[in-house]
Amino acid sequence: MNQALLSKIPPKPRRIKFYSTIILVFGIIISSAMFSGFSVIDIISNLRFAFRLIDSMFFPPAWDYADNVIKPLLQTVQMAIVGSFFGAVIAFPVALIAAGNFIKIKWLNQITRIFLNFFRTIPALVLASLFVSIFGLGSFAGILALTIFSFGLISKMTYESIEAIDYGQVEAIISLGGNRFNIFRYAILPQVLPQFISYTLYAFEVNIRAAAVLGYVGAGGIGQYYEIFLSLRRFEFVGIIVMISFGAVLLIDFISSSIRRRLV
Amino acid sequence: MIKFVNVNKTYPNGTVALVDVNLEIQEGEFVAILGLSGAGKSTMLRTLNQIIDVTSGNIIFNNVDVNTYEMYGDNIEKEIARQKELNPEFDETKLNLKEIDITKIKGKKLRKMRSNIGMIFQNFNIIKRMSVIQNVLSGRISYNPTWRTIFGFFPKKDKEIALQALDRVDIIEKTYHRASDLSGGQMQRVAIARSLAQNAKILLADEPVASLDPITTFEVMRFLKKISVEDGITMIANLHHVDLALEYATRIVGVKEGKIVYDIQIKGKNKKDIIKDLEIVYGRPISHDDFVGEE
Ligand SMILES: Nc1ncnc2c1ncn2[C@@H]1O[C@H](COP(=O)(O)OP(=O)(O)OP(=O)(O)O)[C@@H](O)[C@H]1O
Ligand SMILES: [Mg+2]
C-alpha cells in the first residue's frame, strides 16, 4: 500500500462498545438465571423423570383416543378464528384514531395508545379467567379473551403502519376535495389493507396457541382436556393431544404464513 | 382570477417561507414559478388549495357561486355552458357569484373550493394498488355522496367522464391496468386525467416532471400545455428547468427567499433577455444544468 493511500484511511474504530455490550448481555442472562433459581444440576439430576414422562406420553401413542381430540381441537380453532376476526374488526377504527397522521388531535392519539398498550399487557390467560368469572365457564369467555388480546396486537401494529404510509396520496385526495372518509377509503385503506390482513393472520397464529391453554381456566377449547388428563395422570392422553395439536398448529402456521408472504 | 394579497407564511418551527406575496393570475395563464430549492415555491402552491394555511394575508378567487362553491372565473359564459352540458337541468338564474377568500373558509365549503383546483405532484401520488380507471374516478369524489365513493359505485356519467379524460391523455388502453404497473410518465398522465375528471379550473403542478426522463418530460409538459390551451385551465407549475418554462409557460414568476422578485409575460420578449434576467432569481448566471436540453 502506498503512503498516500495509507494517510487517507480513517483510524480503525475501536470495538470497546461492541465487547462491553456482549459482556453486559451475558451478565444480565447469568444473573437472571441465578436469581430465578435456574440450575443445570437440577436439570441433569431430574432428567430420568423427564424421560419416563416422555415415554409414557408418546410410546406408544394412544391413537385410539385421537378421535376424541378432533372435536375440542376444532372448537379451539373456531375460538381463535372468531376471536381474531372480532379483534381485527375493532382494531382498525381504533388504530385510525391512534394514528397521528389521520386524526390530528395529539391528546386523543395518546390516550388511545395508552388504552391499546393497557390491553396488550394483560396476558390472554388472565383475561380468560376474568371473563370466566363474569360470564361463567365455556368458550364464550375464551372468545372474548382472544378478541381483546388480538385487538391489542393488531391495533398497535396497524396504527404504526398507518403512520408510515406515503402521505402524498393523502394530500392528493385532500386536493380533490375529499373528506375524511374519502381519505380513509382512497389513500389509507389501499396502502395498509395488505399489512392489516397480514397482522390479523399473525394474531390468528398466536391465538391458536393461546386458545390451546385457555381451557385450563375453563374458557373452552382443548385446554380443559389437558387439565383433566394431567390431574388424572393419564399422560398417554396428554401425549396424543400434544401431537395432534402440534400437527394442527404447524399446518395452520404454514398456510397462514404463506398467505402473509404473498400479501406484503 | 386568482389574487394573492400580502400573503405571509411562517412554519411552526419558525422558518419563514413566504414574505408579503402579492400576485394576480388571470384565467388560462400558464405560470411557471422558478426559484432555488427552498425559495418557497411549493409553499406558495400549497397555500392556494389550503393544504398549507397562511400566517396572514388573503387568497382570493373571483366569481365563485356561493351555493355550490363552483368556480366560474373570468369566462362565466364558458363555464355555464360546461355546467349545462354536465347537467341539463342547470339553472343559471340561481347563480350567486362572489369573491371568495379561500383562507377564510373551512369544512365542506373548503372541500368544495378545492374540488375546483387540481394538483399534480412530483411523485404522482396516484393510488398504486387501484386500477387506472378507479384512480381517475377518484377525481369525482367531491361530486358524489360519500357512501357512493366508499363503495366505489360511481354513476355511469362519471365513468364516461373518466374514460374521456383517459382518452385525452392518450392512455385509454391502460384503463383496467393496475396503476403500479405503469411507467412514471404514464402515472403522471393518469394524474392529469384525474384532474380533468375533477373538472379542475386551476391546476397546480409541483415539479410535475422532476422524476421523469427528458423524453417523458416533454411528453407530460405537452399534455399540460394542451389542456391549458384547449380547456382554458389556469396552470401554475413549479419548474426546475428554465427551458421548460420558456417553451411551455406564458408567464414566469421568480421566487427568492419567499419573495416574488421577478414577473414577466413571455410573449414578445427575447428569450435571451429573460435568461439574463433570471440571474436575479437564482443569484447566479443560468448554466447548462438549468436546461433539460433539446427535445
Ligand atoms: N412543513 C414544513 N415545516 C417547516 N419548514 C418547512 C416545511 N415545509 C417547507 N419548509 C421550509 O420552508 C422553506 C420553503 O420551502 P418550499 O418547500 O416551499 O421550497 P421550494 O421552493 O418548493 O423548494 P424545492 O425546490 O426544494 O422544492 C424552506 O426553507 C423549507 O425548508
Ligand atoms: Mg418544492
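**Figure 1. A salt bridge joins the side chains of A:E171 and B:R46.** Welcome to this predicted model, where our tour begins between the chains. The N to O distance in this salt bridge is 2.7 Å, and the count between chain A and chain B is one salt bridge. On the side of chain A that touches chain B, the elements giving two or more residues are α9 (167-175) and α10 (180-214) of chain A. That side of chain A is made up of eight nonpolar, eight polar and three charged residues.

**Figure 2. Chain A and chain B bury about 2,100 Å² between them.** Carbon and sulfur atoms give 57% of this area. Of the area that chain A buries against chain B, 33% comes from A:S175, A:L176 and A:Y186, more than any other three residues supply. How many residues does the contact take from each chain? Chain A contributes 19 residues and chain B contributes 27 residues. Across this interface there are also nine residue pairs in polar contact.

**Figure 3. The rings of A:F115 and A:F119 meet edge-to-face.** Here we move to the aromatic side chains, which form 13 aromatic pairs over all chains. The centres of the A:F115 and A:F119 rings are 5.1 Å apart and the planes stand at 90°, so this pair counts as edge-to-face. Both residues belong to helix α6 (residues 106-121) of chain A, where they sit four residues apart, about one turn of the helix.

**Figure 4. A:Y225 and A:F229 form a tilted aromatic pair.** The ring centres lie 6.5 Å apart, with 40° between the planes. A:Y225 and A:F229 are four residues apart in helix α11 (residues 223-231) of chain A, so about one helical turn separates them. A:Y225 is partly exposed, with a relative accessible area of 25%, whereas A:F229 is buried, with a relative accessible area of 8%.

**Figure 5. A:R209 and A:D253 tie two helices of chain A together.** This salt bridge has an N to O distance of 2.5 Å, and over all chains the structure holds 21 salt bridges. A:R209 lies in helix α10 and A:D253 in helix α12 (residues 235-263) of chain A, so the bridge connects parts that are 44 residues apart in sequence. A:R209 is partly exposed at 44% relative accessibility, and A:D253 is buried, with a relative accessible area of 18%.

Figure 6. The closest N and O atoms of B:K201 and B:E70 are 2.3 Å apart. B:K201 is buried at 10% relative accessibility, and B:E70 is buried, with a relative accessible area of 10%. Another residue to look for here is B:E79, which touches both B:E70 and B:K201. B:E79 belongs to helix α2 (residues 76-86) of chain B and is buried, with a relative accessible area of 3%.

**Figure 7. B:R168 and B:D231 link two helices of chain B.** The closest N and O atoms of this salt bridge are 2.7 Å apart. B:R168 lies in helix α6 (residues 156-168) and B:D231 in helix α8 (residues 214-231) of chain B, 63 residues apart. B:R168 is partly exposed at 24% relative accessibility, whereas B:D231 is buried at 15%.

**Figure 8. B:N144 sits in the loop between α4 (132-137) and α5 (146-151) of chain B.** B:N144 is buried, with a relative accessible area of 12%. A polar atom of the B:N144 side chain lies 3.0 Å from the backbone oxygen of B:R140. Which residues does B:N144 contact, leaving aside its neighbours within four places in sequence? B:N144 is in contact with B:T149, B:F154, B:P155 and B:D158.

Terms used
Residues are numbered from 1 along each chain as its sequence is written. Chains are lettered from A and ligands numbered from 1 in the order in which they are written. This is a predicted model: local features need pLDDT of at least 70, side-chain atom pairs count only at pLDDT 80 or more; totals for chains, interfaces and linings use all residues. Side-chain values use heavy atoms; hydrogens and water are left out. Buried means under 20% relative accessible area, exposed over 50%, partly exposed in between (1.4 Å probe, protein chains only). Contact means heavy atoms within 4.5 Å. A polar contact is a pair of N or O atoms within 3.5 Å; within protein, one must be able to donate a hydrogen and the other to accept it, and residues adjacent in sequence count only if both atoms are side-chain atoms. Buried area is the accessible area (1.4 Å probe) that two parts lose on being put together, summed over both. A salt bridge is a side-chain nitrogen of Lys or Arg within 4 Å of a carboxyl oxygen of Asp or Glu. Ala, Val, Leu, Ile, Met, Phe, Trp, Tyr, Cys and Pro count as nonpolar, Asp, Glu, Lys and Arg as charged, and the others, Gly among them, as polar. Rings of Phe, Tyr and Trp (its six-membered ring) pair if their centres lie within 6.5 Å; planes under 30 degrees apart count as stacked, over 60 as edge-to-face and the rest as tilted.
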